[in-house]
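Let's take a walk through the charged pairs of this model. Have the sequence and the 3D view open as you read.

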Amino acid sequence: HGPAETRIQQEPKMANFTLHTPSTAPEGARDFIAGVEKKMGFVPSLYAVFAENPAVLNAYTQLSDQLAKTGLSPLEQQIVTITASVENECHFCVAAHTTISEGQGLDLTVIDAVREDRAIEDPKLEALRVFTKKVVIDRGFVSDTDVDAFLAAGYDRSAVLAVILGVSLKVISNYT
């Protein structure tokens, strides 16, 4: 690739979307896409697709920023996002979040367990994985028993909402 040619990370789930570059992105997304390209050296395909609707691009990045403020640790955030991506069969997102986890120096034995839909040794983290999986499978309609088990593992009601936020974030990307 030449220096003026935009590289785009490939494989959006909905392949009929335009993969925007800084020169093709709508006005409301152009600066963001150009900034990402400058920072990373390429435009992730998810952002390239979301640029089609700047409000979606903005919502996704804001939700991602907010997930980091929920009180879940970086490892817990990745457990939520990877579990949702595994359940939604978004292999691209699973791979992307694995790379993020590696870059953050997170415990890859935990990440591998989540990727492979296996139990995590740590009971609290396993409760998070199981609860997240139930939220995805049951489309948010988890039972009181499921919530109680999650709370009994050491989480609070704030974490219930954090899981819902993480799953919501992944619905946007897993379904695109």
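A salt bridge here is a side-chain nitrogen of Lys or Arg within 4 Å of a carboxyl oxygen of Asp or Glu. Side chains of opposite charge can pair when their charged atoms come close. Keep in mind that this is a predicted model, where local features need pLDDT of at least 70, side-chain atom pairs count only at pLDDT 80 or more, and totals for chains, interfaces and linings use all residues. Residues are numbered from 1 along each chain as its sequence is written, and side-chain values use heavy atoms, leaving out hydrogens and water.

The structure has 7 salt bridges. Some of them join up: Glu87, Asp117, Glu126, Arg129 and Lys133 are linked in a network.

Start at Lys133, whose side chain meets that of Glu87 at 3.8 Å, N to O. Lys133 sits in helix H7 (residues 123–137) and Glu87 in helix H4 (residues 74–87), so this pair ties together parts 46 residues apart in sequence. (Helices are DSSP runs of H or I with at least four residues, strands are runs of E with at least two, and both are numbered from the N terminus.)

Lys133 also bridges to Asp117, at 2.9 Å, N to O. Asp117 is in the loop between helix H6 (108–115) and H7, so here the parts tied together are 16 residues apart in sequence.

Now hop to Asp146, which forms a salt bridge with Lys134, with 2.9 Å between the closest N and O atoms. Asp146 belongs to helix H8 (residues 144–152) and Lys134 to helix H7, so the pair ties together parts 12 residues apart in sequence.
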